[in-house]
Amino acid sequence: MSDDTQTHEQQNVLGGPLLACSYAPLTGFFRTGCCETSDEDVGRHVVCVKVTQEFLEYSASVGNDLSTPRPELRFAGLKAGDRWCLCAARWLEAYREGVAPPVVLAATHKAALDVVPLDLLRAHALET
């Protein structure tokens, strides 16, 4: 299944329907493949990114190791090139450190705009 499948009725940062971010690895706070959110998602896992090795190393250095498999959580670990729903605040933090991964705008939930200005997301948009 394509990573660009339309889902549900939540909107992306461009005002259109939220597209899927990734089914392999399965991502999203609700593990639906989409960066959907609700009040339960305190971390706001709403920015769909294509992770880079540089970002993975940075994330591990600040206490969020996304590369190491965690079988007890059914998490295989990420590798460069994987798409993932990232917390908006972590993306902004990575941006400030110069290691923000590219963003898939159509799969990034509009709630990201509560934390990250659209111009920053656009400047880091992944060409699709």
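**View 1. His-45 opposite Cys-87 in strand S4.** In this predicted model, His-45 stands opposite Cys-87, a residue of S4. The strand that covers residues 45-50 is S3, and 5 bridges join S3 to S4. The two strands run antiparallel.

**View 2. Burial of strand S4.** S4 spans residues 83-87. The strand is mostly covered, with 5 of its 5 residues buried. S4 also gives the most to the lining of the largest pocket, contributing 4 residues.

**View 3. The largest pocket.** This pocket has a volume of about 350 Å³. Its lining consists of 17 residues, and those closest to the pocket centre are Arg-31, Asn-64, Leu-66, Phe-75 and Trp-84. Sorted by class, the lining of the largest pocket holds 8 nonpolar, 5 polar and 4 charged residues.

**View 4. The second largest pocket.** About 170 Å³ of space lies in the second largest pocket. Its lining includes Pro-25, Leu-26 and Arg-31. The run Leu-73, Arg-74, Phe-75, Ala-76 and Gly-77 also lines this pocket, as does Trp-84. By class, 6 lining residues of the second largest pocket are nonpolar, 1 is polar and 2 are charged.

Key
Residues are numbered from 1 along each chain as its sequence is written. This is a predicted model: local features need pLDDT of at least 70, side-chain atom pairs count only at pLDDT 80 or more; totals for chains, interfaces and linings use all residues. Side-chain values use heavy atoms; hydrogens and water are left out. On a 1 Å grid over the protein atoms alone, a cavity is a set of points where a 1.4 Å probe fits but cannot get out, and a pocket is an open set with protein on both sides within 12 Å along at least five of seven lines; lining residues have an atom within 4 Å of a point. Grid points are joined across faces, edges and corners, and a volume is the space filled by probe spheres set on the points. Ala, Val, Leu, Ile, Met, Phe, Trp, Tyr, Cys and Pro count as nonpolar, Asp, Glu, Lys and Arg as charged, and the others, Gly among them, as polar. Buried means under 20% relative accessible area, exposed over 50%, partly exposed in between (1.4 Å probe, protein chains only). Two strands pair if DSSP finds at least two bridges between them.
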